[in-house]
Amino acid sequence: MPRFVNEMSRWRPSAKTRRWLRRGVVGAAAVVVLGMVATVASVAWVRAGARGHIFDKADVPAAPVALVLGAQVDADGKPSPFLAARLELARELFVAGKVKVILVSGDHMHWDYDEPDAMRDWLLAHGVPDGKIVRDYAGFDTYDSCARAKRIFGVTRATVVTQTYHVPRAVTLCRRLGLDVNGVGDDTVKRYRTPWRDSSIREYGACVKAVLDVVSGRDPALLGRHETGVQDALRRG
């Protein structure tokens, strides 16, 4: 047997080393347990906050505004299937008279990536009048979109539109930030099984972030001056 292996087989950790190893194992286990408890509690908080405020598109109460939350835009500048499904749902609500204005809120932090304009272009191509579409270029996440809808665009009552796995968190965040909202979710893109599964799993961590955002009361990443686009669009009849 090689000398190194022989020596390793005779090695025994000291009492101090064993104590540190035990503490490390206990500490790691505690972190895992705390993480699990925080996740379960956060998901429960989100679901409780949304209870009674999630509807099918046929049953959702009318509201002045549909708040469509942004999602990935593909390299060709067109909405991904998930985002296109949200926009289609908002369009159907508009055609049915359930909403009067569509506020599209997404990420345009970098000049070469533009969710709100891609969303507007899709809606225009599918028959929604330009005067009924308002863009929020700083909806970097769900919390920011909800906060800016109220603080920048003056929205007080709305229907938030996204995928079904995302609706509870979106509704709860908006309501916690002072908006009277209901939610409608799309599940037509469940056929994309892997992205749907991955996004659903990520919601668990996102619920923990939602709790931290509300508890901290943080400002959105960008604020700025008040925008009258939603009120102007509503006045147009």
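Predicted model: local features only at pLDDT ≥ 70, side-chain atom pairs only at ≥ 80, totals over all residues.
**The disulfide and the sheet**

Good morning. With -75° about the S-S bond, the link between Cys146 and Cys174 has a left-handed form. The pair joins distant parts of the chain, 28 residues apart: Cys146 sits in helix 5 (residues 142-151) and Cys174 in helix 6 (residues 167-176). Helices here are DSSP runs of H or I with at least four residues, strands are runs of E with at least two, and both are numbered from the N terminus.

Residues are numbered from 1 along each chain as its sequence is written, and side-chain values use heavy atoms, with hydrogens and water left out.

How many disulfides does a search of the whole structure find? The search finds one, a disulfide being a pair of cysteine sulfur atoms within 2.5 Å. In the link of Cys146 and Cys174, the sulfur atoms are 2.2 Å apart.

Are these cysteines buried or exposed? Cys146 counts as buried because its relative accessibility is 0%, and Cys174 is buried as well, with a relative accessible area of 0%. Cys207 also counts as buried, at 5% relative accessibility. The term buried means under 20% relative accessible area, exposed means over 50%, and partly exposed lies in between, with a 1.4 Å probe and protein chains only.

Let us turn to the surroundings of Cys146. Leaving aside neighbours within four places in sequence, Cys146 is in contact (heavy atoms within 4.5 Å) with Ala170, Leu173, Cys174, Leu177 and Leu179. For Leu173, which is 27 residues from Cys146 along the chain, the C-alpha separation is 6.9 Å.

Six strands form an open sheet in the order 1-6-5-2-3-4, with parallel pairing. Its edges are strand 1 (54-55) and strand 4 (133-136), each pairing on one side only. Two strands pair if DSSP finds at least two bridges between them. Strand 2 (residues 65-69) and strand 3 (residues 101-105) run parallel and are joined by five bridges. Within strand 3, Leu103 stands opposite Leu67.

Thank you for your attention.
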